[in-house]
Amino acid sequence: MEEQACPRCKTTKYRNPSLKLMVNVCGHTLCESCVDMLFLKGSGACPECMVPLRRNNFRVQLFEDPMVEKEVDIRRRILRDYNKREEDFATLEEYNDYLEEIEDLVYNLCNNIEIIETNKRIEAYKRDNRDVIQRNKTRVGRDECALEELLELERAQDESRKKELEELETEHKKQKARDKQALIEELMYSGKDAATIVSEFAEKAEKQREEEKQLPPPKPANEFSTGIKFGQTADPSLLPVPKSEEGPLFVYEPLIPITEGPTPPPISEVESMGYISHIRAETPQENAGGFTSTLACQRALQEALQCLYYTPTAGVGVGL
């Protein structure tokens with residue numbers, strides 16, 4: 001909490017618990033008071049990077065790291081146009097190249113690398129794929145409408161169940177109060193034994209509870225609050241894909257590399273035998289990605305020893 005502070009006025013979350021940090025497209029944060037002061041006319045420059053900004057582009061910071069906010073905003077803007085799906089490509093390799101291109105664009109814009117060239121690539125892509133982008137936006141719009149309809153259905157059903165339970169609980173309380181009043185009056189004015197009266201009322205209450213358990217469940221809601229039936233506007237093209245028969249389960253088979261050369265030392269011996277003496281240590285970023293200097297050294301040894309025993313077949317390359 002103490003680390004969250006406005007870089008301009010130095011107000012911290014500890015001193016002002018209601019502090020609201022805001023972020024713009026450049027990724028630098030300002031508190032709401034500084035935004036109101038610096039961007040009183042609607043536009044201005046960022047105090048840190050001097051990038052021209054607009055007041056209406058500021059939004060509340062959701063993540064602790066402002067650079068994450070910047071990446072989320074950039075990724076959202078890029079994916080608005082780079083909206084192709086896997087079925088739009090002939091092969092999986094083309095789709096993977098497309099995803100890699102998106103990540104390159106996001107990385108360049110997040111780290112201020114070749115900003116002008118990257119924006120030119122985005123504009124060129126938008127010009128060349130205008131029809132595809134518009135078609136996919138329409139398809140996404142239909143998917144969102146169907147999803148909103150399902151969410152509305154769930155909300156309506158939840159409200160219906162909640163209302164039904166409230167009515168049952170209210171009726172149960174009223175019935176309990178009536179039974180209590182009837183028991184009191186019976187004890188006051190009846191000539192029967194008190195134990196007999198209490199026993200009769202207990203049996204009656206038990207019988208009512210059994211009848212309530214046997215009542216059918218409430219019918220689910222079948223229309224929106226506007227009166228439109230559920231599924232009335234559903235697009236037939238958005239019907240769920242029928243399930244296909246599942247094939248056999250995947251069985252892992254360990255990879256057996258064919259080196260045609262000396263066997264490289266295992267990872268446990270790379271460090272103990274001194275192979276790693278002249279290899280630099282991995283950086284925190286490389287370590288986070290799963291790479292270690294020991295693994296890199298073993299890969300280098302594998303490549304150095306590979307195919308040392310390879311002997312070309314006799315007669316290869318001789319014209320017959």
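The legends below describe a predicted model.

**View 1. Packing of helices H3 and H4.** Helix H3 comprises residues 92-110, and its axis lies 9 Å from that of H4. The two helices pack at an angle of about 140°; H3 and H4 are therefore oblique to each other. Their crossing is left-handed. On the H3 side, the contact is made by Tyr98, Glu101, Leu105, Asn108 and Leu109. H4 contributes Ile115, Thr118, Asn119, Arg121, Ile122 and Tyr125.

View 2. Helix H4 runs over residues 115-128. Which residues of H4 are buried? Thr118, Ile122 and Tyr125 are buried. These residues cover an arc of only 65° around the axis, which puts them on the same side of H4. On the other side of H4, the residues Ile116, Lys120, Arg127 and Asp128 are exposed.

**View 3. The buried face of helix H2.** Helix H2 (residues 66-79) has 14 residues, which should span 20 Å at 1.5 Å a residue; the distance of 20 Å between its end C-alpha atoms agrees. Glu69, Lys70, Asp73, Ile74 and Ile78 of H2 are buried. Seen down the axis, the buried residues of H2 fall within an arc of 160°, so they line one face of the helix. They pack against strand S1 (21-23), strand S5 (59-60), H3 and H4.

Technical notes. Residues are numbered from 1 along each chain as its sequence is written. This is a predicted model: local features need pLDDT of at least 70, side-chain atom pairs count only at pLDDT 80 or more; totals for chains, interfaces and linings use all residues. Side-chain values use heavy atoms; hydrogens and water are left out. Helices (H or I, at least four residues) and strands (E, at least two) are DSSP runs, numbered from the N terminus. The expected span of a helix is 1.5 Å times one less than its number of residues. Buried means under 20% relative accessible area, exposed over 50%, partly exposed in between (1.4 Å probe, protein chains only). The arc is that of the directions from the helix axis to the C-beta atoms. Axes are lines fitted to C-alpha atoms, for helices over the stretch in contact, and angles run from 0 to 180 degrees between N-to-C directions. Angles under 35 degrees count as roughly parallel, over 145 as roughly antiparallel, 65 to 115 as roughly perpendicular and the rest as oblique. A crossing is left-handed if the near helix is turned anticlockwise from the far one by less than a right angle, and right-handed if clockwise. Contact means heavy atoms within 4.5 Å.
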